[in-house]
Amino acid sequence: MAEYRTHMKIIGDILSTTRDDLQDEDGATVTYLIRKANVSHSRISRMLKILVSQGLLEKVNEEGSNKYKISQSGREFLHAYNTFSGFATNFGLTI
Amino acid sequence: MEFLLENILNLVGFLVGLAIGIVSIIGYRNTGSPTLFRLSIAFFSISIGFFVIWAGYMIEDFIIKAGSLERWIQTLGIAIQTIGYFFIAFSHSIKSLFPKSRYFRSVGIFPLFIVSSVHVEHIFRSVSFILLAYGAIETILSYFENKNKGAISVAAGLSFLALGEFLGWYSFVFPESILYFVSMVIKIAGLIALFIPVSKVPLTKIKFDESFD
């Protein structure tokens, strides 16, 4: 059975991919993030726009294609997300 | 002895609720998660509920010296705690609690106005028991999904609190028995069990949101 993921969990997955699982040092392409985070193109486009505007991701224009890298704020958010995700799991909840 | 234990219970409840509430609100301010917001409301309510009863005992003991706590203060404290237990259960998507019919919703609160404060306290205790039992079951079910050991401690804590509420309610039937004493000991154990996994949250490495006061 497919696991239901909250909006926050998908953001966590996107940020984790851009931190731990990059294709190369320049960042991850949208196609790569779609595959790794398992999100539709329309949804991930909206989310990437928000994450870049919030300063959690950096958009890099590399040879005509957009790539995404995690920023320092993104790393801090991801650390907080992982900490409090564990805290909520203690209560049987998902953040 | 019972008075001392009652004070210990209310102080432990106040402090544990406050600690978990603060961790939850820090989590909410750093992640924006609505789940953490609901948890913070839940535990701040529980904390305030215990504080109200503790403050009532203190005022009665040192200022009024009437010999017994005003019933309405006890009822108010338990009611505030029940709100907290509701938000814990609500975080587990408790939807079936609300009747779908608008008529039943409108009359659902009516019994609260036609019974005495003693009965209201019984109602709050029984509602608390149901909410705590629900929260404990959901938490232990989540343990079977993700094997997080902290969930066992929280489930045990909620179960002890539920059992404590049940015995506390049942002690009205046998007022001179040891039941109320046992219920307080079990509730203190429950609060400590709730706090164990929370005490392991590594807050020291979190760079706090600058807007958080």
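Visitor: Which residues does Ala151(B) touch, leaving aside those up to four places away in sequence?
Guide: Ala151(B) touches Thr89(A), Asn90(A) and Gly92(A), as well as Thr139(B), Ser142(B) and Tyr143(B). Two residues are in contact if their C-beta atoms, placed from the backbone, lie within 7 Å. This is a predicted model, in which local features need pLDDT of at least 70, side-chain atom pairs count only at pLDDT 80 or more, and totals for chains, interfaces and linings use all residues. Residues are numbered from 1 along each chain as its sequence is written, while chains are lettered from A and ligands numbered from 1 in the order in which they are written.

Visitor: Is Ala151(B) buried or exposed?
Guide: Ala151(B) is buried, because 24 other C-beta atoms lie within 10 Å. The cut-offs are 20 or more such atoms within 10 Å for buried, 12 or fewer for exposed, and partly exposed in between, with C-beta atoms placed from the backbone.

Visitor: Which element does Ala151(B) lie in?
Guide: Ala151(B) belongs to helix 6 of chain B. Helices (H or I, at least four residues) and strands (E, at least two) are DSSP runs, numbered from the N terminus.

Visitor: And how many residues does each chain put into the contact?
Guide: Chain B supplies 24 residues and chain A supplies 16 residues. On the side of chain B, the elements giving two or more residues are helix 1 (2-31), helix 2 (34-64), helix 5 (117-146) and helix 6 (149-170). That side of chain B comprises nine nonpolar, 12 polar and three charged residues. Here Ala, Val, Leu, Ile, Met, Phe, Trp, Tyr, Cys and Pro count as nonpolar, Asp, Glu, Lys and Arg as charged, and the others, Gly among them, as polar.

Visitor: Back to chain A: which residues of helix 4 are buried?
Guide: Among them are Phe77(A), Leu78(A), Tyr81(A), Phe84(A), Thr89(A) and Asn90(A). After helix 4 of chain A comes Gly92(A), with a positive phi near 75 degrees.

Visitor: New topic: in what order do the three strands of the chain A sheet run?
Guide: The sheet is open, with the order 1-3-2 and antiparallel pairing. Two strands pair if DSSP finds at least two bridges between them. Strand 1 (28-29) and strand 2 (57-62) of chain A are the edge strands, each pairing on one side only.

Visitor: How many bridges join strand 2 and strand 3 of chain A?
Guide: Six bridges join strand 2 and strand 3 of chain A. Lys59(A) stands opposite Tyr68(A) in strand 3, and Tyr68(A) is also the bridge partner of Ala28(A). Strand 2 and strand 3 form a hairpin with two residues between them, and Glu63(A) in the turn has a positive phi of about 50 degrees.

Visitor: At what angle do helix 2 and helix 3 of chain A cross?
Guide: The axes of helix 2 (residues 30-37) and helix 3 (residues 41-53) of chain A cross at roughly 110 degrees and come within 10 Å. Axes are lines fitted to C-alpha atoms, for helices over the stretch in contact, and angles run from 0 to 180 degrees between N-to-C directions. The two helices of chain A are therefore roughly perpendicular, a term for angles of 65 to 115 degrees.

Definitions and conventions. Angles under 35 degrees count as roughly parallel, over 145 as roughly antiparallel, 65 to 115 as roughly perpendicular and the rest as oblique.
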